[in-house]
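I opened the notebook to record what I looked up in this model. The entries follow in the order in which I made them.

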Amino acid sequence: MSAATQAPPEPTAPALEVRKPPTRKRLVPYWLLLPGILWLLVFFAAPLVYQASTSLQTGSLEEGFKVTWHIATYWDALGEYWPQFVRSVAFAAIATLLCLVLGYPLAYLIAFKAGRWRNVVMILVIAPFFTSFLIRTLAWKTILADGGPVVGVLNSLHILDVTSAIGLTEGTRVLATPLAVVCGLTYNFLPFMILPLYTCLERIDPRLHEAAGDLYAKPATTFRRVTFPLSMPGVVAGTLLTFIPAAGDYINAELLGSTDQKMIGNVIQSQFLRVLDYPTAAALSFILMAAILAMVTIYIRKSGTEDLV
Amino acid sequence: MRWLRRNAVVIAGLLTLAYLILPNVIVMVFSFNKPNGRFNYEWQRFSTDAWTDPCGVADLCGSLGLSLQIALWATIGATVLGTLIAFALARYRFRARSSVNTLIFLPMAMPEVVMAASLATLFLNMGIQFGFWTILIAHIMFCLSFVVTAVKARVMSMDPRLEQAAQDLYATPVQTFLKVTLPIAAPGIAAGALLSFALSFDDFIITNFNAGSTVTFPMFVWGSAQRGTPVQINVIGTAMFLIAVLCVLGGQLFTGRRKRS
């Protein structure tokens, strides 16, 4: 298999193009694409268009909905639910940052320090996935319960006083506060940060570390100047994979928060499934989609890893 | 103190690992609880009642079976469609290539709630009855991109000379595909399929919007969080966890032994 290491980066048979193959053969890729792409067009792309049109409709369940280009739905939705929007972005951003801070050491540990324990640690990172995430999120209700050991320790270390001061908790409670929701979000999306970081770190040649050390770089300098810059694609991928789902999540806010921690996902869900106000739900999710796509595009441009896609 | 500084990374990593594992430990421990009242959040006393009667709660095992069934069909559908796309993208140059790439990437970069609400809007407008089929359609849709990504990476990293060698040795295109290409792409396909199964089985948000009155396992758990959580939920969560770990360990042993021999 030594030949595989010299393989060109993109082996897309150039011979085919030179010979100008018969039409039947040139159609092969289109036949391969057809079923899957059709599926995505009908059940992913078309619904987005449908939703855009729904957001411009007015009417009621009894009389039916009609497109009336009622743009005001957007203003009303934004005017009424901007706190939830701000909260979603803030919670998701804090959770993403926490995921990075918590996840990096673990990814580093698996990539460079674990040795023969690597597979075991890897299994321990992935295995929790197999218990439904809703059950695991419910377990946080037990962990963070009022008067439980975790809250007790946080209280005696006066950590809750600090978090109360910055508005993350209230009094001696953790459950039903922003801290609980952020904690749940961080927990739920942590593996999505660790895995891309790990794949990126694992590819770094350990000889680069040795070379840095030989050139009298301290470990901290080696990390700052060599390891971290090389792991940037993993950091970008990881932050996107945690931020996007976290911003649209409503499970953690519902299970671990109170009515004061509702995120935009909660609003969309209740507008769609309970209030049955489809235009508002459509407008809100359209705004959410546009906001996230804009943020992601700017972020990818800024971080200079456009080949990510 | 020096020891602490030198091993700071390892300690921090292990603490994160503990944070990841802790809820699973709680789920496991509380599967042996005998709660007072309807909610299983506080430890009362040890009991194996739930383990001896895992289906003792109405609708629980039915929803579990439905979830497994949907996950199986969604995996098959997404793997077949996704593998075809991956081969087209990895092996051929054609027009609209970059638009296809974008169409594959977008579902992964979209908050689930947006996809869920828009697909449900489509079904509503079309007057399609929500249920098994709408869930399955939705699951295939969002699993597809993950399969494409997994398979494409594998096929791209494959040495094209292996196929050329096969053809030089007078293998027909079909033989080359079955005996060379497919075995090499198999790990990528398997990874994509496994991921699809896990994603589909555990999906809540998209299912919540597109299920109507059909109840999958995650929907059952969600409902029970409002009505009262039976201990049996923890039993099933723990059992899934143990089965998965055993499968992975078994697979490790198997491949390890095969490599050595």
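**Entry 1: a helix pair across the two chains.** I looked up how helix H6 (residues 133-143) of chain A packs with helix H11 (residues 217-227) of chain B in this predicted model. Their axes lie 9 Å apart, at an angle of about 25°. Angles under 35 degrees count as roughly parallel, and H6(A) and H11(B) are therefore roughly parallel to each other. Next I noted who makes the contact: H6(A) supplies A:Leu134, A:Ile135 and A:Leu138, while H11(B) supplies B:Pro218, B:Val221, B:Trp222 and B:Ala225. I sorted the residues of this contact by class and got 7 nonpolar, no polar and no charged.

**Entry 2: the whole contact between the chains.** How many residues does each chain put into the contact? I found 79 residues from chain A and 74 residues from chain B. On the side of chain A that touches chain B, helix H3 (residues 28-54) of chain A gives the largest share, 19 residues. By class, I have 61 nonpolar, 13 polar and 5 charged residues on that side of chain A.

**Entry 3: chain B by itself.** I listed 12 helices and 0 strands for chain B. I then checked the overall dimensions: the C-alpha trace of chain B spans about 70 × 65 × 40 Å along its principal axes. The radius of gyration of chain B is 23 Å, whereas a compact globule of 261 residues would have one near 18 Å. I also wrote down that 41% of the 261 residues of chain B count as buried. Among contacts in chain B between residues at least 6 apart in sequence, I noted that 77% join residues at least 24 apart.

**Entry 4: helix H12 of chain A.** I tested the length of helix H12 (residues 232-248) of chain A. At 1.5 Å a residue, its 17 residues should span 24 Å, and the end C-alpha atoms are 25 Å apart, which agrees. Of those 17 residues, 13 are buried, so H12(A) is largely enclosed by the rest of the structure.

Entry 5: Is A:Arg203 buried or exposed? I counted 12 other C-beta atoms within 10 Å of A:Arg203. A residue with 12 or fewer is exposed, so A:Arg203 is exposed. I placed A:Arg203 in the loop between helix H9 (178-202) and helix H10 (206-214) of chain A. Last, I took the distance from A:Arg203 to A:Thr259: they are 56 residues apart in sequence and 45 Å apart in space, C-alpha to C-alpha.

Note on methods. Residues numbered from 1 in each chain as written. Chains lettered and ligands numbered in written order. Predicted model: local features only at pLDDT ≥ 70, side-chain atom pairs only at ≥ 80, totals over all residues. Helix = DSSP H or I, 4+ residues; strand = E, 2+ residues; numbered from the N terminus. Rg over C-alpha atoms; globule rule 2.2 N^0.38 Å. Buried ≥ 20, exposed ≤ 12 C-beta atoms within 10 Å, placed from the backbone. Contact = placed C-beta atoms within 7 Å. Nonpolar A, V, L, I, M, F, W, Y, C, P; charged D, E, K, R; others polar. Expected span 1.5 Å × (residues − 1). Axes fitted to C-alpha atoms, helices over the stretch in contact; angles between N-to-C directions. Parallel < 35°, antiparallel > 145°, perpendicular 65-115°, else oblique.
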